[in-house]
Amino acid sequence: MAAGKNQSSSKQRPPKILLAKPGIDGHDRGVLVLARAFRDAGMEVLYAGLLPTPEEVIDTAVNEDVDVIAMSLLNGAHLTVFKRVADLMKERGIDDIALVGGGTIPEEDKPALEALGITGNYGPGTPLSTIIEHVQKRAAEARAKKLGQD
Amino acid sequence: MSKKELQRQERRSWGRIETNINELVSGVKENKFSSIARAISMVEDEDPLLRKDILRKIGAPTKKAHVVGITGPPGIGKSTLIGNLSSGMMTRGIRNAVLAIDASSPFTGGSLLGNRIRMQDKLRDSHVFMRSLANRGEKGGLSRSAIGAVRILEAAGNQEIIIETVGAGQADLDIMNLADTIVLVLAPGLGDEIQAIKAGIMEISHIFVINKMDREGAYFAMKDIEDIVSMDDHSDWKRPVVGTTSKDNESYNSLIEAILSHRKYLEMNNSLSVKRKFMEMETALEDEINENITSKLKKKLIEVQTSGNKLSNDKSDEDPFSVAEELLKNFLEYSVE
Amino acid sequence: MEEDRGFWHSKLKEASERNSSSKDANLEKWRKNTLKPWEDKTGYKPREFINSSAIEIKDVYTKNDLPEDQDKLLGLPGEYPFTRGVYPNMYRGKEWTMRMFSGFGTPEDTNARLKYLISHGETGLSIAFDMPTLYAYDCDNKRADGEIGKCGVNVSSLKDMEVIFDGIDLSKVTTSMTINAPAAVLTAMYFSIARRQGLSLDKIGGTVQADILKEYIAQKEWIYPPEAHIRIIRDMMIYCTENVPRWNYISISGYHIREAGSSAVQELAFTLADGFYYVEMGKNAGLDVDQFAPRLSFFFNSSINFFEEIAKMRAARRIWATALKEKYGAKTARAMMLRFHTQTSGYTLTWQQPHINIVRTAFEGLAAVLGGTQSLHTNSYDEAMALPSEEAVKVALRTQQIIAEETGVTDTVDPLAGSYYVEWLTNKIEEEAYRYFDKIESMGGILEAVKNGYIQREIASTSYRRQKRIEDGKEVMVGANKYVESDEQPINILRIPKEAQDRQIQRLNHVKATRDGKKVSESLARLRKAMEDPDTNIMPYLIEAVESYATLEEISNVGREVYGGWKEPIII
């Protein structure tokens, strides 16, 4: 939760997450598990379906005003595709939606992704709790930005 | 502490929004999707001040929108139908927007907003704004955000606002109250499900749709509903039964016709958005009571409990009602002064 | 329809009556007099014992857990209902085929690899394709950027296939192509190359996966709505039955269903349900079941719960034979036999302590052999994070050789037959599969159950449940959630250089610049006509189109326009 000193007594709505596989990749076991796990952690979860283009992912994220886009790719194209999403966001001046990545991402690719603002970048076998905690943290940051508390 | 100070303290600091709020409102009026999206988030937030602020600034619509509620049991193709209905309206030059409602878990508050996936391509191609709303399991919470969202979409110049609901439960009925026109979607071969639905929503629906008309048993299903409708005697509105199938785009035209003629019927009877206006006022009143009375009384109760300053006739151990009564009585007297 | 429902419903009733075990007085006595005092004395209480299919496992199984007619359910090897194996002497006669699946970046790389394998005596070639090919996007499509050659070889036009098979005599090899949605196009390319080599099509043999139903269920690689793909597969089935008798046009695959997170019972039930659909499709197309059913083969997963996997494979044979005989009227033994390829599970491998994957794979491979597989791919230990290294592939192959030649498990046929536990579990898994068939039939068949998302949701729920059990430590993954070593870093994946993509695009540009444009548009126009008419077989038109050097994407775009695309039902 965003920790503003003037936090209202009324509750904030739950973090809103868009799960997306913005490439040519049908491996969806992971995102489908995450969808349920995020829900059970009290988040509102959208899934962009299979094979959306980066443009479609961003349109959905904007219209739904999500806090985090959680991207997953297991086809090895993360450097190209994740970057395209990050670039498009920048182009459109969106800075209050956080990008989180996951999939088969080698250690050595992580700094490049981090530099684009894509964090997490978890591989297979990462405990759900680790991913949930990170997504919640990024969601809170994005929400704070939206509310001008950054 | 003065009333003003209290209010200020409760108010969340939303600096960026505050500076941009006018920009946001003009964005909404220009039908800018990003502005609409952010404005809806503001009314979705459980902060009544935020909601009040944005809705006030948005003000009264230049033109009234017609709200169409689409309901029916899960798995009968509502989302695909809405995708076709909405893009069909766009083709006719009728600007519209879609709200999809999903159920939240009453335990965790989390939800899977799954409806989007089936219609998003059609809507995106037709440049229709669509938004998912979670029913947060709190009484009235959903209709509160839905009411706000409808106001925003109306201000954006949409003539028709389509709301899809999960097709079950109290929250569903609340949303249906918001709708000017209720469309009940059924499919051939439902059997038991139709029986279950008959109980509630059947009576309040204005239009019936038999979806998946290409399926076996479709004409019998249509006949069944037509038989029920033929016994209607409580209204001038003859409830139409429409058949649709994703295999035939023409079939959606008859649904659009039905929706538009119900709109015309309502307009002629001066009853378009009458229910909605009442709900808006009712919600606003609840918000005011919450903000100015309930929350303060609760605070007072905590004060009383933690400070050890007992009320004059403390019977809290055996009777919580007398504490409640006294708190409210004191408050009302104080306010009158 | 009603009749069908009756069939599975009565099978289910039969099986559950058969499996309701009578009370075993002896065992009750044993529990009271021997087990209970022991537990009390030692304080060792049983944990929860369930397998992937959530079947609860008892402490001890006896004769009483098996039905009276158990022997009839088994038969003898090579005889109906084939529970004990499809061949009378199984591995005593000939070992299973050790088929190692391989995929490579560019057509040139793949050609070199195939030639290397052939020079070492391999005659069974196996080719994997990259994602853009599997979804029928050409290498120059913007969406394919960064994905060319990543998970297999890229094929954008016939030219690429010419390079792959350059210098390889197709009458001397059989080729297995792991491709589904565009299977008919790749098949057309293969046939075209054979014809250019002067071979008549009855001289070549091979397999395409072409199991489109499991794509909608699990692997999610489709182009059109299910009905369109099914029609194309039907055309391929008819064309091959008439012209290419040695072409296996469908390999019905449970592997991906399992990897998507399903249980053993779900893998079995959904795969066989897919299989039944294809049988009905063939029959509806007017083909003779005894003629085409022998061309259908299966592909299963072998996972880590040893006896569950063995029981699954034994049950699969029995169910298939029973259905083919009783429901579909097959008369020949060959049509009733379920032959299958097995691959060990990728899901059970860990990137942590990668060498222990060798042990997992060995047990999984052993289960496949005890389950009576016809061919086997054992995973390499580094496969959880990487394209396998040469050394890892060798260890995986050696594992199979140890099972075949050192352990002695092949000395007799179906060595586990008659084990109270294994037979009970086989019967139980069969019953659970019938339960799913009954349910699926009541929903209007497998296609309907897939289109409304029921099957996918069943799998997703199982997958989530398992993940939570792993997180809670109820299910152990050594090295990952127990006996963990700190400071482990995942190993790096093999990189396919970007040049692979550039080279493919160059070749595609060259093809487009040098082909006869008029021929392309004419062949595509004829293909469109064929696609629009459900009574025309599209195979000859596909062959004509690929031979005009229309690209994979251009050909598929005709279908995209005729049939449209497909969006998944709501699964989350």
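Predicted model: local features only at pLDDT ≥ 70, side-chain atom pairs only at ≥ 80, totals over all residues.
Two strands count as paired if DSSP finds at least two bridges between them.

**Stop 1**

Start by selecting chain B, which has 14 helices and eight strands. Of its 337 residues, 42% count as buried. Contacts across the sequence matter for the view here: taking the contacts in chain B with a separation of 6 or more, 74% link residues 24 or more positions apart.

Now colour the strands. Seven of them form an open sheet, and reading across you meet S4-S2-S5-S1-S6-S7-S8 of chain B, with parallel pairing. The edges are strand S4 (129-135) and strand S8 (241-243) of chain B, each of which pairs on one side only. From one strand to the next, the twist averages 25°.

**Stop 2: strand S1 of chain B**

Select residues 66-71 of chain B, which make up strand S1. Are its residues buried or exposed? Six of the six are buried, so the strand is mostly covered by the count used here, in which a residue is buried if 20 or more other C-beta atoms lie within 10 Å of its own. Show the side chains and you can follow both faces of S1(B): one carries His66(B), Val68(B) and Ile70(B), the other Val67(B), Gly69(B) and Thr71(B), and all of these are buried.

Strand S5 (residues 160-164) of chain B pairs with S1(B) in the parallel sense, over five bridges. Strand S6 (residues 181-186) of chain B also runs parallel to S1(B), joined to it by four bridges.

Which residue of S5(B) stands opposite Gly69(B)? That residue is Ile163(B). In S6(B), the bridge partner of Gly69(B) is Ile182(B).

**Stop 3**

Then step into the loop between S7 and helix H11 (218-230) of chain B, where you will find Lys212(B). This residue is not a glycine, yet its phi is positive, about 60°. Lys212(B) is buried, with 23 other C-beta atoms within 10 Å.

**Stop 4: Gly110 of chain B, where chain A comes in**

Select Gly110(B), in the loop between strand S2 (96-103) and strand S3 (111-113) of chain B. It is buried, having 24 other C-beta atoms within 10 Å. Display what surrounds Gly110(B): among the residues it touches are Pro14(A), Phe38(A), Arg39(A), Met43(A) and Val45(A) from chain A, along with Ser104(B) and Ser105(B).

For a sense of scale, draw a line from the C-alpha atom of Gly110(B) to that of Asp233(B). The two residues are 123 residues apart along the chain, and the atoms are separated by 43 Å.

**Stop 5: chain C and its own sheet**

Switch to chain C. Five of its residues are in contact with seven residues of chain B. On the chain C side of this meeting there are two nonpolar, one polar and two charged residues.

Chain C has an open sheet of four strands in the order S2-S3-S4-S5, with parallel pairing. Strand S2 (124-128) and strand S5 (247-248) of chain C stand at the edges; each has a single partner strand, so one side of each is left without a neighbour in the sheet. Strand S4 (residues 205-208) of chain C runs parallel to S5(C), with two bridges between them, and Thr207(C) stands opposite Asn248(C).

**Stop 6: a loop with a cis bond**

Zoom to the loop between helix H3 (70-74) and helix H4 (90-93) of chain C, which holds Pro81(C). The peptide bond joining Tyr80(C) and Pro81(C) is cis, with omega about 0°. Phe82(C) lies in this loop between H3 and H4 too. Its phi is near 65°, a positive value in a residue other than glycine. Phe82(C) counts as buried, with 26 C-beta neighbours inside 10 Å.

**Stop 7: a pair of helices**

Finish with helix H22 (residues 517-532) and helix H23 (residues 539-547) of chain C, which pack at an angle of about 160° with their axes 9 Å apart. That angle makes H22(C) roughly antiparallel to H23(C), and their crossing is left-handed. To see the contact, select Ser523(C), Leu524(C), Arg526(C), Leu527(C) and Ala530(C) in H22(C), which meet Tyr541(C), Leu542(C), Glu544(C) and Ala545(C) in H23(C). By class, this contact has six nonpolar, one polar and two charged residues.

How values were computed: Residues numbered from 1 in each chain as written. Chains lettered and ligands numbered in written order. Contact = placed C-beta atoms within 7 Å. Nonpolar A, V, L, I, M, F, W, Y, C, P; charged D, E, K, R; others polar. Buried ≥ 20, exposed ≤ 12 C-beta atoms within 10 Å, placed from the backbone. Axes fitted to C-alpha atoms, helices over the stretch in contact; angles between N-to-C directions. Parallel < 35°, antiparallel > 145°, perpendicular 65-115°, else oblique. Left-handed = near helix turned anticlockwise from the far one by under 90°. Lists of a residue's contacts leave out its neighbours within four places in sequence.
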